Amino acid sequence: MKIANGDLFRRILLNYKRLTESLYSYPEVFKQNSDWPGDFEGRSILALTSLYRALQGNEKEQSVVMEHLQQIFLHIDEFLNNDGYFGNKFDGQVVNEQQLSGNSWYIRGLIDYYRLTGEKKCIKYLKSIVKNYLIPIAPFFEKYPSSIRDFGGVGGHECGTIIDSWKVSTDVGCAFISLDGYTAIYELLPDPILKEKIAGIIRKFLTIDYISLECQTHATLSCTRGILRFYQCTKDVKYLEYAKKIFNKYIQYGMTLDYGNINWFNRPSTWTEPCCIIDSMIISKQLYLLTENEDYLKLFNRIYVNELRTFQRSNGGAGCSTCAYGNNNELKMYLYEAYFCCTMRLSNGFSEIVDFSSFYKEKKLLLPISCDGQYYDDNVDLSFQNDVYSHDEIVLTINAINEPLNLYLYVPNFACCDSYEKVNGLINLTIDKPGKIIIPITLLIRNEGKLLLRGDMLLTTKAQSDKETIFLYNGKEYSPLYDNSQFEEEELKGKIQYV
């Protein structure tokens, strides 16, 4: 079992408090986002199932989350069409891009709920959705419109036009978010026809110049997650290579200086979107697990250490910031909370973080994130304080152990860690008896291109809060990015930093 502690657990509890409010519960959960059928409902279900997993070891909170889920599923039939999804039934003529995207989140939530509970009606819904919705729509992707769209808001909206049988959205490319749902169903219920359709959708996406088309970065990375899942299902290495190529382009053209994102490619004057940032973190994790490339592990930690500080709010939700990108290095709040999407994806992110905080690979136990937690199984019970930004040391407490164990710990670049040698971003030690191991860590400050970092944590100028730690470098004062979960909305309006 993997249990979150320390600052990570504090953040999960904040999100738990927000996600168990009436907005994300029956009946309010079914009264939102009429222009995005299935989106609010699906993200809410996925958020709650993710939160349940992130709260491992906390049975009281888990039981509350499960009660909310059960109430939603007790009434969900009242809001679905006869084919088992949200919105109007597909007429075989026009694809509503936002409906397809929204129902992909519903599919993800439905599958997660099935895996938690074994509820058989979930399979009934999924089979109907595949037969009556996903397979009939798949051929329409060949005509997906490759034209620049109207400028949209934070929530996106329909453009009001039908182009080549598509009712299109200002969230350009959001139809390809559905690849996440397509592949999630295929993983659970393999079907040769569905496999063929998924391969065709991927082929189509690869023909699109998603940067020139100014696709939404969140849509692009959700599509990429679908491609990665398809690789894991098929073991066809070309899909892994496709995912790596798309993600590398995102890093080059869509990632901000502080490891956030610009909402659309080629539109850096817009805002960041935590939905996409969570996507980028998940992809970094998956690519590291698949390739063992240290760069992906470093990127995961930088997104985790810096972006959770800036986009999580004091109410537990997630909000948007200005884009520190190119020649603009100013960073401040843009929107306090995107309650209709990003707050829910944050729960999804927490589940991925807790899952990644400790895991076995080839008889090695890895602790690859700078966070605190606990891991135990039949052989070992281990508590770890690995949040070097809070403790300036790593503390391992071996509560019980039966057989010797090889342990690998992530340590940021340019960190002095006693006499331990770091290989591929990890230090290795063997634990074989109960007790405590303390590894002092000294995080050095250094320049990396335009950035000044202390470990993986960005340092900024113009800190305006007594709550923030100040570091001296070359005679000047710097501070970490604000921990925006510590400030109320009115306070955040005046907080400006420069990366």
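Modeller: Asp164 lies in the loop between strand 3 (158-163) and strand 4 (166-169). Keep in mind that this is a predicted model. The phi of Asp164 is near 50°, a positive value in a residue other than glycine. Most residues other than glycine have a negative phi, and most peptide bonds are trans.

Lys235 sits in the loop between helix 8 (217-234) and helix 9 (237-253). Its relative accessibility is 60%, so Lys235 counts as exposed; the cut-off for that is over 50%. The other spot is a peptide bond. From Tyr26 to Pro27 the bond is cis, with omega near 5°. Pro27 is placed in the loop between helix 1 (6-19) and helix 2 (39-54).

Now the rings. The structure holds 30 aromatic pairs. One of them is Phe73 with Tyr113, a stacked pair with 3.8 Å from centre to centre and 5° between the planes. Phe73 belongs to helix 3 (residues 59-75) and Tyr113 to helix 4 (residues 97-117), so this pair links distant parts of the chain, 40 residues apart. Both Phe73 and Tyr113 are buried.

Back to strand 4. The ring centres of Phe141 and Trp166 are 5.3 Å apart and the planes stand at 70°, so this pair is edge-to-face. The angle cut-off for that label is over 60 degrees. Phe141 is in the loop between helix 5 (120-137) and strand 3, while Trp166 is in strand 4, so the pair ties together parts 25 residues apart in sequence.

Ring pairs link Phe141 and Trp166 with Tyr144, Phe176, Tyr182, Phe205, Tyr210 and Phe265 into a cluster.

One more ring contact involves a charge. The charged end of Lys495 sits over the ring of Tyr482, 5.4 Å from its centre. Lys495 also lies over the face of Phe487, at 4.8 Å from that ring centre.

Definitions and conventions: Residues numbered from 1 in each chain as written. Predicted model: local features only at pLDDT ≥ 70, side-chain atom pairs only at ≥ 80, totals over all residues. Heavy atoms only, no water. Helix = DSSP H or I, 4+ residues; strand = E, 2+ residues; numbered from the N terminus. Buried < 20%, exposed > 50% of the residue type's maximum accessible area, 1.4 Å probe, protein only. Phe/Tyr/Trp six-rings, centres within 6.5 Å; stacked < 30°, edge-to-face > 60°. Lys NZ or Arg CZ within 6 Å of the ring centre and 35° of its normal.
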